Amino acid sequence: MDLLNTLVDKGLRRELPTRDEALAVLATSDDELLDVVAAAGKVRRHWFGRRVKLNYLVNLKSGLCPEDCSYCSQRLGADTGILKYTWLKPDEASKAAAAGLAGGAKRVCLVASGRGPTDRDVDRVSDTIKTIKEENEGVEVCACLGLLSDGQAERLRGAGADAYNHNLNTSEATYGDITKTHTYADRVDTVQKAHAAGLSACSGLISGMGETDKDLVDVVFALRELDADSVPVNFLIPFEGTPLAKEWNLTPQRCLRILAMVRFVCPDIEVRIAGGRELHLRTLQPLALHLANSIFLGDYLTSEGQAGKADLEMIADAGFEVETTDQVTLPEHRRGGGCGSVCGSEDSANSACGSKEAEVPAAEAEVPEARTDLVAVRRRGAGTDLAPNA
């Protein structure tokens with residue numbers, strides 16, 4: 001396909017595709033799927049070889065969130081049956097992180113529900129970061145605490161945080177449909193605060209919420225413009241008790257096309273397969289490793305994930321290797337938070353400014369089966385007396 005050859009050439013040059021090209025990837029047929037994966041795989045291997053970075057989530061504070069994000073099991077008023085607990089102490093969080101690190105994780109992601117941290121919360125998390133860093137040489141720590149106030153990103157950086165995660169989740173045009181208690185602009189502001197403080201910016205999306213192909217392309221182009229170093233791609237986990245419980249819009253093939261599109265738009269960025277991969281990719285998970293260079297190990301914040309041992313076996317069987325702490329994830333030109341000359345270039349500016357695109361017909365697909373049997377609430381690990389599955 002001429003489209004795929006063009007996208008590979010652009011990916012190897014770190015050149016931004018056009019929006020039409022990104023939309024065309026999402027519109028490819030299932031018959032073309034392996035060609036799409038092979039093409040995006042060339043770009044992935046060029047920048048990241050066969051390394052897979054493992055990340056491990058520690059939910060520092062679960063549930064009881066005042067925000068109303070429709071996709072979230074921890075949202076205000078949700079009746080999802082998830083674990084609810086207040087802040088883990090630094091030693092408890094460090095113990096929880098140790099399980100993931102022992103399983104091969106390179107980065108620990110410290111997450112807390114809520115609109116955003118108070119200054120006291122930042123102190124708590126800072127103590128936790130210091131404890132984890134003191135006990136684990138070479139570990140990366142990413143904080144995910146919600147909307148940041150002025151000066152908080154700098155304090156987290158001073159405590160030793162390497163990165164800050166705050167996802168855009170969906171396009172600006174549809175953001176108000178999924179959340180009313182804060183805005184898309186609030187999220188952009190927090191990513192910019194983290195970046196300005198010297199933290200590696202981690203920001204991604206959630207697919208499967210009923211969005212259009214254009215919404216997906218819009219949010220990925222926005223993430224490229226924000227110069228995020230890592231982009232987690234989540235696939236909606238439709239929790240019973242949330243407004244999106246009936247949204248079952250994804251097939252394994254659709255998920256692979258989304259990951260391929262993200263890779264073409266973000267060729268030299270850490271693309272992470274995040275929540276919902278077991279639920280929606282299912283037996284095609286190994287194919288996704290040809291597109292993404294990063295995954296979460298074991299369980300998620302409030303739901304069960306694939307066992308850590310199975311993750312490691314999957315990586316090895318697919319012919320990939322786990323990235324070690326002495327290996328640097330990002331290509332040399334991106335280290336230190338920059339993306340080289342591409343950001344702000346004429347090509348980037350002209351391609352990302354919302355010019356009118358030609359309509360690309362969506363590929364026909366059967367309505368996916370609702371796999372509620374695969375949604376399991378996390379009952380082990382952080383906040384419990386049971387061992388995690390890392």
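How many helices and strands are there in the protein? There are 14 helices and 10 strands, where helices (H or I, at least four residues) and strands (E, at least two) are DSSP runs numbered from the N terminus. This is a predicted model, in which local features need pLDDT of at least 70 and side-chain atom pairs count only at pLDDT 80 or more, while totals for chains, interfaces and linings use all residues. Residues are numbered from 1 along each chain as its sequence is written, and side-chain values use heavy atoms, with hydrogens and water left out.

**Overall fold**

- The C-alpha trace spans about 55 × 45 × 45 Å along its principal axes.
- Contact means heavy atoms within 4.5 Å, and of the contacts between residues at least 6 apart in sequence, 79% join residues at least 24 apart.

**Surface and charge**

- Of the 390 residues, 60% count as buried (under 20% relative accessible area, with exposed over 50% and partly exposed in between; 1.4 Å probe, protein chains only).
- The protein exposes about 15,600 Å², and carbon and sulfur atoms supply 49% of that area; accessible areas come from the Shrake-Rupley method with a 1.4 Å probe, and for residues only the protein chains shown count as cover.
- The 44 positive and 59 negative charges have mean positions 3 Å apart. Lys and Arg count as positive and Asp and Glu as negative, without His and the chain ends, and each charge is placed at NZ of Lys, CZ of Arg, CG of Asp or CD of Glu.

**Ser62**

- Ser62 sits in the loop between β1 (51–61) and α4 (90–102).
- Ser62 counts as buried because its relative accessibility is 1%.
- The side chains of Ser62 and Asn59 are joined by a polar contact of 3.5 Å (a pair of N or O atoms within 3.5 Å; within protein, one must be able to donate a hydrogen and the other to accept it, and residues adjacent in sequence count only if both atoms are side-chain atoms).
- A polar atom of the Ser62 side chain lies 2.6 Å from the backbone oxygen of Leu83.
- Leaving aside residues up to four places away in sequence, Ser62 touches Gln74, Ile82, Leu83, Lys84, Tyr85, Ser113 and Thr302.

**His333**

- His333 is in the loop between β10 (321–322) and α14 (346–351).
- With a relative accessible area of 27%, His333 is partly exposed.
- The side chains of His333 and Asp268 make a polar contact of 2.6 Å.
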